[in-house]
Amino acid sequence: DVTRGGAMMSPGTGDDITLPAGPNPQVAKGTHVLIPLGETSATGWTAEEEGEEEEGAEPPGGPALRLRVTAPPDAPIGRYRLSLKTRTGAGEYAAPFDDANDFFLLFNPWCPDDSVYMEKTSDLNEYVLNETGRIFYGTEDQIAERSWNYGQ
């Protein structure tokens, strides 16, 4: 949920979701994403307002906004900061960044369009779903190995 700051947001009215990532976000590098609410950005991201799903949840248009943000398979991985920008006749309002709205975008080996896609279930089980394994460390001339819990 994202707080609107009292501003009404609706698709097609110039309301945007802002997603900068990294220390120097740039639109040209895909690390500063601007998504028009209810539409698709030029880079393939979408942001849609979710309707009321839970009993006692805020109705649409209330002070909190529940969003479904979808990234394209080739989006840069990393930590994204989410903010809202809305435009009205009275001017523009940009919500401040809130750490509670940050999210981490990771790879998706189950998506055929992602560059890390793994077709074989055995590969997914071994390389993605495995909670434990071996790690190797040291230098080129002196390599050692040990058990590791990936699920820490």
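I began with what a pocket is: on a 1 Å grid over the protein atoms alone, a pocket is an open set of points where a 1.4 Å probe fits, with protein on both sides within 12 Å along at least five of seven lines, and lining residues have an atom within 4 Å of a point.

I noted that this is a predicted model, in which local features need pLDDT of at least 70 and side-chain atom pairs count only at pLDDT 80 or more, while totals for chains, interfaces and linings use all residues. Residues are numbered from 1 along each chain as its sequence is written, and side-chain values use heavy atoms, with hydrogens and water left out.

I looked up the second largest pocket and found 13 lining residues, with Pro72, Pro73, Leu106, Asn108 and Asp114 nearest its centre.

Strand β2 (residues 16–20) is joined to β3 by five bridges in the antiparallel sense, and threonine 18 has leucine 34 of β3 as its bridge partner.

I then asked where threonine 31 is placed, and found threonine 31 in the loop between β2 and β3. Threonine 31 counts as buried (under 20% relative accessible area, with a 1.4 Å probe and protein chains only) because its relative accessible area is 18%. Leaving out residues up to four places away in sequence, I listed contacts (heavy atoms within 4.5 Å) of threonine 31, including Leu19, Pro20 and Pro76.

Note on methods. Pairing = 2+ DSSP bridges. Helix = DSSP H or I, 4+ residues; strand = E, 2+ residues; numbered from the N terminus. Buried < 20%, exposed > 50% of the residue type's maximum accessible area, 1.4 Å probe, protein only.
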